[in-house]
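This report covers the fold of one protein chain. The sequence and structure come first, and the description follows.

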Amino acid sequence: MRCPFCNNPDNRVLESRSAEGGQSIRRRRECLRCKRRFTTYEQIEFVPVTVIKRDGRREGFDRSKLLRGIVRACEKTGISQECIEALTDEVESELQQREVREVTSNEIGELVLQKLRYLSEVAYVRFASVYRQFRGIADFIHTLNQLRNEHHPASREEIPTNNNLVAENSGLKMEETQKTATFAHSEIR
Ligand SMILES: [Zn+2]
């Protein structure tokens, strides 16, 4: 950062302060040569992220679309709106901080799942069912087994394939989950 008065590249920072509600940092600097003072602002780089969809089409990352998908998955799970917003923010800033400006919808989905896993198993399975495009009960069972094995790596027991048992064991109502999944489908893709 060169001095605006004498073009000298060396200066010292006198004061750093958060500005614009934490979106930038304001720095008061003093030129080491002419001793004059000037102010600089440092901002987080905000570059548009492009999402590559399953069918190969590209579109700009849309935070509200992602938020809607997560809200649907979290319906009636008791997860607060603040929590959902924070999760969405986290995903967005992780995408923002990547070197690559393009991301597949798949990667976004996995990122969301990583975070949902610790919040709610129901929301996790619902979200997975939408973005992984579950086709039937087998996909649910597979995901539930994965979830279970991650939570209890020692036991590694399989959930029986009988539908009623699955619902009982997992605390999930399959019908309801599937309905929600279908409903939320259009939001994620
Ligand atoms: Zn100067």
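## Overall composition

The model is predicted. Its chain contains seven helices and six strands. Starting at the N terminus, the order of elements is β-β-β-β-β-α-α-β-α-α-α-α-α.

Of the 189 residues in the chain, 17% are buried. Counting contacts between residues at least 6 apart in sequence, 48% link residues at least 24 apart.

## The three-stranded sheet

Strands β1, β2 and β3 make an open sheet in that order, with antiparallel pairing. From one strand to the next, the twist averages 25 degrees.

Seven bridges connect β2 (residues 24-31) with β3 in the antiparallel sense. Within this pairing, Ile 25 has Glu 42 of β3 as its bridge partner.

## The α3 and α4 pair

Two packed helices are described by the angle between their axes and the distance between the axes. For α3 (residues 105-116) and α4 (residues 121-131), the axes come within 9 Å and cross at roughly 170 degrees. Angles over 145 degrees count as roughly antiparallel, so α3 and α4 are roughly antiparallel to each other.

On the α3 side, the contact involves Gly 109, Val 112, Leu 113 and Leu 116; on the α4 side, Ala 123, Tyr 124, Phe 127, Ala 128 and Tyr 131. Eight of the residues in this contact are nonpolar, one is polar and none is charged.

Methods:
Residues are numbered from 1 along each chain as its sequence is written. This is a predicted model: local features need pLDDT of at least 70, side-chain atom pairs count only at pLDDT 80 or more; totals for chains, interfaces and linings use all residues. Axes are lines fitted to C-alpha atoms, for helices over the stretch in contact, and angles run from 0 to 180 degrees between N-to-C directions. Helices (H or I, at least four residues) and strands (E, at least two) are DSSP runs, numbered from the N terminus. Angles under 35 degrees count as roughly parallel, over 145 as roughly antiparallel, 65 to 115 as roughly perpendicular and the rest as oblique. Two residues are in contact if their C-beta atoms, placed from the backbone, lie within 7 Å. Ala, Val, Leu, Ile, Met, Phe, Trp, Tyr, Cys and Pro count as nonpolar, Asp, Glu, Lys and Arg as charged, and the others, Gly among them, as polar. Two strands pair if DSSP finds at least two bridges between them. A residue is buried if 20 or more other C-beta atoms lie within 10 Å of its own, exposed if 12 or fewer, and partly exposed in between; C-beta atoms are placed from the backbone.
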